[in-house]
Amino acid sequence: MADEKLTMETLVALCKSRGLIYPGSEIYGGMANSWDYGPLGVILKNNIKQAWWKMFVQERLDMVGLDAALIMNPKVWQASGHLATFTDPLVECKNCHERYRADEIDLTAACAKCGTKDSLTEPASFNLMFKTFVGPKEEAESVAYLRPETAQAIFVDWPLVMNSARRRVPFGVAQIGKAFRNEITPGNFIFRTREFEQMEIEYFVKPDAWEAAFEDWLKRLHEWVEFCGLDSEKVYDLEVPPEELAHYSKRTVDIEFDFPFGRKELYGLAYRTDFDLRSHMEASGKDLRFTDPQTGEKYLPHVIEPSLGVDRTFLAMLVSAYTVEEARTADGETEPRVVMKFPKALAPIKVAILPLSKKDELTSVAKPLAERLAKKWSVDYDETQSIGKRYRRQDEIGTPYCVTVDFDSLNDQAVTVRDRDSMEQERVNLAELEEYLSAKF
Ligand code: GAP
């Protein structure tokens with residue numbers, strides 16, 4: 001059963017000690033709200049991205065992919081409306097200069113940091129895009145921006161993709177990559193950071209087909225949520241009220257998740273109309289319309305956009321997977337067992353090979369076995385500490401199967417396979433181990 005009392009402190013500590021996520025630049029005192037994905041974190045993150053790509057690009061004949069530049073022509077951000085409207089309302093305490101998002105606090109209250117009353121400035125619009133200079137001269141002509149969303153490259157490249165991939169509406173373009181936002185209030189671990197990864201789809205449809213496509217994508221997003229093992233009792237749809245819609249959206253449903261710090265946006269599904277293609281057509285002077293090959297009709301397709309954060313997926317998976325159980329020890333006592341019950345297909349390590357002793361007789365069997373299995377799955381090889389401690393470590397990183405090589409293995413050519421969730425152990429012939437494990441994933 002998932003632990004009701006899971007705190008962010010517990011999660012952050014577990015991620016650090018087990019190599020999932022570390023505080024960024026730690027030896028220099030850290031860097032606020034910057035996080036590094038460690039040896040296991042990078043595998044889990046890659047597994048999320050690969051599974052998303054397989055589900056939404058590889059397995060669908062109406063989808064193709066893209067991997068565009070992060071720094072685009074600044075005209076893109078002018079046309080998309082980001083330069084003018086991608087802002088948050090900022091207020092500052094006149095006394096201690098702490099900054100807040102005006103829409104997240106009570107503007108009549110005292111400053112939360114220094115306690116001064118009536119000290120907050122009037123809200124001012126703060127553009128969230130990171131500005132930089134391209135080339136050696138820091139002058140107006142060389143200003144560029146780090147992309148605040150992956151979506152725009154899909155709109156800009158749309159005619160190239162459509163023609164080279166020979167696709168007809170309806171079809172979609174997917175992209176995974178980093179996005180950057182100079183957030184006023186980053187925080188809550190990897191929930192809101194200034195650099196993060198998105199998995200986005202722009203799905204192009206005939207203007208009158210948007211409603212059916214929207215409902216279909218909402219269903220697909222829930223299938224994805226289930227695939228990631230997210231606790232269904234923590235997942236909600238929020239119909240975003242018209243006054244809160246982004247400048248490009250006519251309808252948005254946020255998929256929200258109950259994080260330990262409250263219910264927050266996990267993903268967004270937006271109906272972007274033809275806002276982006278129309279804006280880029282007007283700004284670039286290029287005809288971005290699609291010509292229906294059957295009727296010859298020319299039109300700008302409308303767009304449904306499922307937009308997912310990789311890091312928020314990771315965090316929601318951590319929260320959903322974290323489980324504490326009472327487990328029986330070898331001497332008949334019980335003790336709490338922390339298990340990350342990741343879906344087996346997404347777990348960072350699939351199989352751990354654990355020789356019961358460090359003696360050559362066992363490691364000479366166990367190590368080649370680990371090398372053989374590593375050609376198929378991500379494998380951990382661990383020969384130090386007691387077997388109980390090693391099982392506990394593997395449970396905490398969510399390894400579905402632990403394979404123990406013991407002295408009997410030398411005679412019966414078999415190993416013990418322990419299941420993470422049931423803790424049941426089964427003796428399996430070495431010759432049949434790969435087949436046995438293949439059937440599990
Ligand atoms: N292209 C549309 C778009 O970017 P968004 O709601 O601003 O929409 C989409 O962002 C998703 O990206 C969010 O639902 C969230 O999962 C993720 N995201 C946005 N800002 C983030 C941040 N500062 N840190 C981590 N993830 C973020």
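The legends below describe several close-up views of a predicted model.

Residues are numbered from 1 along each chain as its sequence is written. Because the model is predicted, local features need pLDDT of at least 70 and side-chain atom pairs count only at pLDDT 80 or more, whereas totals for chains, interfaces and linings use all residues; side-chain values use heavy atoms, with hydrogens and water left out.

View 1. The protein chain is divided into domain 1 (8–76 + 129–318), domain 2 (87–127) and domain 3 (349–438), with bounds that come from an automatic or database domain assignment. Between domain 2 and domain 3, the C-alpha centres lie 56 Å apart.

**View 2. The open sheet of strands S5, S4 and S6.** Three strands form an open sheet with antiparallel pairing, in the order S5-S4-S6; strands (E, at least two residues) and helices (H or I, at least four residues) are DSSP runs numbered from the N terminus, and two strands pair if DSSP finds at least two bridges between them. The edge strands, each of which pairs on one side only, are strand S5 (99–101) and strand S6 (124–127). From one strand to the next the twist averages 50 degrees, where axes are lines fitted to C-alpha atoms, for helices over the stretch in contact, and angles run from 0 to 180 degrees between N-to-C directions. Three bridges link strand S4 (residues 87–92) with S5 in the antiparallel sense, and Glu92 has Arg99 in S5 as its bridge partner.

View 3. A polar side-chain atom of Glu265 lies 2.6 Å from an oxygen atom of the ligand, and a polar side-chain atom of Gln198 lies 3.0 Å from an oxygen atom of the ligand. For Leu266, a backbone N or O atom lies 2.7 Å from an oxygen atom of the ligand. Taken alone, the ligand exposes 560 Å², of which the protein buries 91%; accessible areas come from the Shrake-Rupley method with a 1.4 Å probe, and for residues only the protein chains shown count as cover.

View 4. Strand S12 (residues 251–259) and strand S13 (residues 262–273) run antiparallel and are joined by nine bridges. S12 and S13 form a hairpin with two residues between them, and Glu256 stands opposite Glu265 in S13. S13 also pairs with S16 in the antiparallel sense, over six bridges, and here Ala270 has Glu305 in S16 as its bridge partner. His302 has its place in strand S16 (residues 302–309). His302 counts as buried because its relative accessible area is 14%, where buried means under 20%, exposed over 50% and partly exposed in between (1.4 Å probe, protein chains only). The side chains of His302 and Tyr271 are joined by a polar contact of 2.6 Å, a polar contact being a pair of N or O atoms within 3.5 Å; within protein, one must be able to donate a hydrogen and the other to accept it, and residues adjacent in sequence count only if both atoms are side-chain atoms.

View 5. Pro170 lies in the loop between helix H6 (158–164) and strand S9 (171–180), and the peptide bond from Val169 to Pro170 is cis, with omega near 5 degrees. Asn188 lies in the loop between S9 and strand S10 (195–205), and Phe189 is also found in the loop between S9 and S10. Phi of Asn188 is near 60 degrees, a positive value in a residue other than glycine, and Phe189, although not a glycine, has a positive phi of about 60 degrees. Asn188 is partly exposed, with a relative accessible area of 36%, whereas Phe189 is buried, with a relative accessible area of 5%.

**View 6. The open sheet of five strands.** Five strands form an open sheet in the order S20-S19-S21-S22-S23, with mixed pairing. Its edge strands are strand S20 (379–381) and strand S23 (425–429), each pairing on one side only, and the twist averages 25 degrees from one strand to the next. Strand S21 (residues 401–405) pairs with strand S22 (residues 414–419) in the antiparallel sense over four bridges, and the bridge partner of Thr404 in S22 is Thr416.
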